[in-house]
Amino acid sequence: MRSRSFAQAALALIVLSLAATPACAHVERGQAAGFLAGLHHPISGLDHVLAMVSVGLWGAQLGPPAVWLLPVTFPMVMAIGGFIGLIGVPLPGVEVGIALSAILLGFVVAREARPPLGLAAALVGIFAIFHGHAHGTELPPGQSGLTYSIGFVIATGLLHVTGITIGLVHRWRAGRIAIRVAGGLVAASGLVFLWRAVA
Amino acid sequence: MKRALPLLVAALAAFAPRASAHEVRPAYLELRQTGEDTFDVLWKVPASGDDLRLGLYVGLPDGCTKLTEPRGVFVAGSYAERWRVKRLGGLSGGTIHIAGLAGSQTDVLIHIHYSDGRSETHLLRPDTPWVKLSGASSMGGRALAYLRLGIEHILLGVDHLLFVLGLLLIVGNRWMLIKTITAFTLAHSLTLAIATLGYAHAPLAPLNAAIALSILFLGPEIVRVWRGETSFTIRHPWIVAFAFGLLHGFGFASGLNSMGLPKAEIPLALFLFNVGVEIGQLGFVLMILRLERSFRLLEIRWPRFALALPGYTVGVLGAYWTIQRAAMMLAGPR
Amino acid sequence: MRRAALAVVLATFLLPARADAQLVTTGLGPVYDGIGHLLTTPEDLVPALALALYAGLRGPRAGRRALFLLPPAWFLGGLVGLRSPMTIAFPLAAISFLAGADSGVRGLIGIAVALFVVVALAAALVVALERPWKRIAARVAGSWIAAVGLLLLGWRLRGAR
């Protein structure tokens, strides 16, 4: 049930923002391209996808209020990371940070760790900065930054929603185990990413 | 439904005068290939009376030479010109430009028939008064042009929208609403088809006056609804919607200039134009219903005058148009 | 947090728009151009939506206020902008559009009407949400809008250099 709310909100946003586009499609080609590019971007890298789905999984494990607080925190802080990147502040070790985020987030999901809410949000937030910094600056030339950002944020949010939806199996015992296994797999692939980033 | 939408109507009223001045009949340009390099040109522009026509002029692709001089006549509300041109190598790659379109409020439908059976269709509008000919337009492109023509026609036809709004103000419940809108749709689709297929024809001036009268007719009925009175219209709004819908269908037909369309194309054009009209109309109805619901959810208490505004707008504009159009009709063709 | 987010969004949209603000031509005259402009210009539409969501969460009273204050304010701002091309911030995209489209007051009317409809629908949508999780969804949507605003601020600052 809960995940439907996010999906609905996201859908409403998409529909509202695109409702009138067809009528004037010929003027808005740049905008639509920006939106699609933004939508596509977070999905294009496996490291990002895994980290963001893990956030959703963890939220589902922790239950309310974390289940909605974490997916709010991540896009917000990620936007801050993107902002930092856009104004040209360098962030060393972005790739390492992203790989570390996959390892750690996978680890907490595998452990089903229950730190205080603030700590959980802070952990998610720190990694979100890396993700935002890596993504926010990669706008294809000639496309609208705003619609790119909208697509970017929506795609990120939808990845969280995906994680939460998968996390719905948490109510069953087998499901709980499956989620923890999935977390372990994310952590393992994070190790691979780290290896690639360093080597 | 009674406590609906004063502001929206105020806004509608604000641009109604302009919209009614809009020339809803598109101009029509036809090029029919008669030989390897020769084409017969037919150019029809909306006109009023015997000496007034819209100031639209065709600019054919560079390299076109006139084989005959244009000969024009005024017929039934339009001015038609025919001549023959020659262009070595055919028309493809050339650009057609309509002078005067950019400053106008009308559309131009262009049909080109090639001798091998292919055809090409374009809809030119004030924001792009030119088109580069490609050789043949795809089925999808033509379909889109007709659909778009239909949507445009209803969105600019403030008189039609106002009639629908009047119906919405009269109907009591959801079931009645569905019946009424369906009746209106059926009726105007029927006459639109009849008029487009050429079985019947309604002269424009009396038709416009009658459409205005149908709007005026709804005004007093809305007042009766306020007073809690009843009448035939209030008990059976769908019958009234059907009857007047027949009239409005003839009005829609004027937006689809069928006389120039190729015979084979008429069913497609008619169907898609009609679909476009219904899309616009349904969109309007849904928007009104959603807005009305939104107002209820936001617990807006409208002042009395605001509640009365939609009804009075329907009545007053209906009366104004009736008088204006009746005067135009009586003045007749000069 | 919510207030801060709103401030970020508003601040972002107060920044001068880029000069390439697009011009919408629907071919249906200036009123429809104005409507089309609002609906296809995220710079204008998104903050309006955010405001409507926020007002709707605060209840019908706040929703009513937003509904009857925002469109007239927008309209007035646009009028001022028509008279003098000074950079009054909020309806700036509207001004740049109008300067190009030459459709003047009628375009502004279109924008205001579309704004009225958008705010009414969005605010009522949120007011009608009774289940807590649906209200949370609206707040999540708000946070996403704030994130978009923050990113846009970054784009603007970068474009300025």
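Let me start with strand S9 of chain B, residues 108-113, which in this predicted model is mostly covered, six of its six residues being buried. If we ask which way the side chains go, B:Val108, B:Ile110 and B:Ile112 point one way from S9(B), while B:Leu109, B:His111 and B:His113 point the other way, and all are buried.

Now to the neighbours of this strand. On the one hand, strand S1 of chain B, residues 27-33, is joined to S9(B) by six bridges, and the two run parallel; within this pairing, B:Glu30 stands opposite B:His111 in S9(B). On the other hand, six bridges also connect S9(B) with strand S10 of chain B, residues 119-124, but here the strands run antiparallel, and B:His113 is found opposite B:Ser119 in S10(B).

Two packed helices are described by the angle between their axes and the distance between the axes. For helix H3 of chain B, residues 158-170, and helix H7 of chain B, residues 237-255, the axes come within 11 Å and cross at roughly 175°. Since angles over 145 degrees count as roughly antiparallel, H3(B) and H7(B) are therefore roughly antiparallel to each other.

Which residues meet in this contact between H3(B) and H7(B)? From H3(B) we have B:Asp159, B:His160, B:Phe163, B:Leu167 and B:Ile170, and they meet B:Pro237, B:Ala241, B:Phe244, B:His248 and B:Phe252 in H7(B).

Key. Residues numbered from 1 in each chain as written. Chains lettered and ligands numbered in written order. Predicted model: local features only at pLDDT ≥ 70, side-chain atom pairs only at ≥ 80, totals over all residues. Heavy atoms only, no water. Axes fitted to C-alpha atoms, helices over the stretch in contact; angles between N-to-C directions. Helix = DSSP H or I, 4+ residues; strand = E, 2+ residues; numbered from the N terminus. Parallel < 35°, antiparallel > 145°, perpendicular 65-115°, else oblique. Contact = heavy atoms within 4.5 Å. Buried < 20%, exposed > 50% of the residue type's maximum accessible area, 1.4 Å probe, protein only. Pairing = 2+ DSSP bridges.
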